Amino acid sequence: MSLSIEYLIVEADRCVACGLCLPHCPTYRKTGSEADSPRGRIQLMRAVAQDILPNNARFKEHIDFCLSCRSCEAACPNSVNYGALVDTSRALHTQKKNLWFTLAKPFIRHRSLQYGLSWLIWLSQKSQLAGLLRVIMPVAKRLPEIQQPVRWKTLYPAASKRGEVSLFLGCATNTFDNSTLKASIHVLNKLGFDVHIPSAQTCCGSIARQMGDAVEAKNLVAQNESAFKQAIPILSVASGCGAGLNDYMREHKVQDISAFLMSCDWAGLQINAMKKTIYVQDPCTLRNVQKSHQTVYDLLKKIPEADVQALPGNGQCCGGAGAYMLTQGKMANDLREDKLSAIKRNNVSILATSNIGCGLHIAEGLRDQHSVAVLHPIQIIARQMGLETLKCKKENML
Ligand code: SF4
Ligand code: SF4
């Protein structure tokens, strides 16, 4: 995918300004402003690329305000590649000098630093330090309860081998939700797959791309391309990572874990019944980009007696959107409110989501409602297949 002015202008010219994408755009629905709609942003990006409009603060504001949820792209009858357009415009015109991103960059890039950070968070959560940390660093209040950090082996062999896969860890999942990775290994091993975890893998690059740092994003993708050398499926548990890798990794096809699992033979495997209703939140990156959100429902329906339902309003972004929840707090929270209302109206007690960003953002909004467990679907399946090591509060609610 080219990040050039020429590409931007040619792709933007493919927009016929029909407006069919407008009702699908969360920011347009909230503000009613054409400049916060896909059609308006495409016109703005093209006008700035052609030097018809200045690349000023107002332009940056409208581009920054976009969630990159790509609902517009999924709705567009002309298949305009809005995701590539906004990535290109951000790389060329709105690169941000953002303090938190500058500080976070080494942790995003280096797994050893992520590992150290995970230990710090875990130890502080286990000790009296947690209260102090929240006073010194208000952002610590937003952190979820995390599991003890794991040094992953490079291979988790199946007892009876049918095939091999590689697992993409993802920096946020690895730091904040390693139980989803453990659950993935458990289920894949039960299905007969050896699970490889290449140690040289790194972040997918999506956050860097969102921040307009194309150089960093490119370096991260290149590192992943050389880390995943084996010609076996690469599975991602976070749909945001999977979407980013699929867009930019040239030689490898990355698959969401639910989609992969639905292509496997489950004959003879025991899944214990669970007489509960599981609501599913569709991450935009799974619904609009990977277009495999239905496989999450199919996977959860393998649990006998489980009633699997879509969370009403699934077509709209939850506001998490990678770094968006940190950089555009007000809109991120406004959009989340719609999800929280749907959760309340439907008395949801188990919410399954396949993206760590959505999970963290929604769980933060539910912080005071201890009656809702927000979990990756693979955690729910793994537990019903006998994985007993998820010792967190939310697991007790299943
Ligand atoms: S639906 Fe496609 S062609 Fe129509 S305005 Fe939106 S981006 Fe342009
Ligand atoms: S990516 Fe999402 S927020 Fe951005 S213009 Fe498209 S629909 Fe709107």
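**View 1. Two domains in a predicted model.** The C-alpha centres of domain 1 and domain 2 lie 28 Å apart. The model shown is predicted. Domain 1 spans residues 5–93. Domain 2 covers 277–396.

**View 2. Contact and buried area between domain 1 and domain 2.** On the domain 1 side, 16 residues make contact. They meet 14 residues of domain 2. Together the two domains bury about 1200 Å². Carbon and sulfur atoms account for 60% of that area. Three residues stand out on domain 1: K30, F65 and L67. They supply 43% of the area that domain 1 buries against domain 2.

**View 3. The salt bridge between K30 and D338.** One salt bridge is found across the interface of domain 1 and domain 2. K30 pairs with D338 in a salt bridge, with the closest N and O atoms 3.0 Å apart.

**View 4. The domain 1 face that touches domain 2, by element and class.** Two elements each give two or more residues to this side: α2 (26–31) and α5 (71–75). The largest share comes from α2, with five residues. By class, the domain 1 side holds eight nonpolar residues.

How values were computed
Residues are numbered from 1 along each chain as its sequence is written. Chains are lettered from A and ligands numbered from 1 in the order in which they are written. This is a predicted model: local features need pLDDT of at least 70, side-chain atom pairs count only at pLDDT 80 or more; totals for chains, interfaces and linings use all residues. Side-chain values use heavy atoms; hydrogens and water are left out. Domain bounds come from an automatic or database domain assignment. Contact means heavy atoms within 4.5 Å. Buried area is the accessible area (1.4 Å probe) that two parts lose on being put together, summed over both. A salt bridge is a side-chain nitrogen of Lys or Arg within 4 Å of a carboxyl oxygen of Asp or Glu. Helices (H or I, at least four residues) and strands (E, at least two) are DSSP runs, numbered from the N terminus. Ala, Val, Leu, Ile, Met, Phe, Trp, Tyr, Cys and Pro count as nonpolar, Asp, Glu, Lys and Arg as charged, and the others, Gly among them, as polar.
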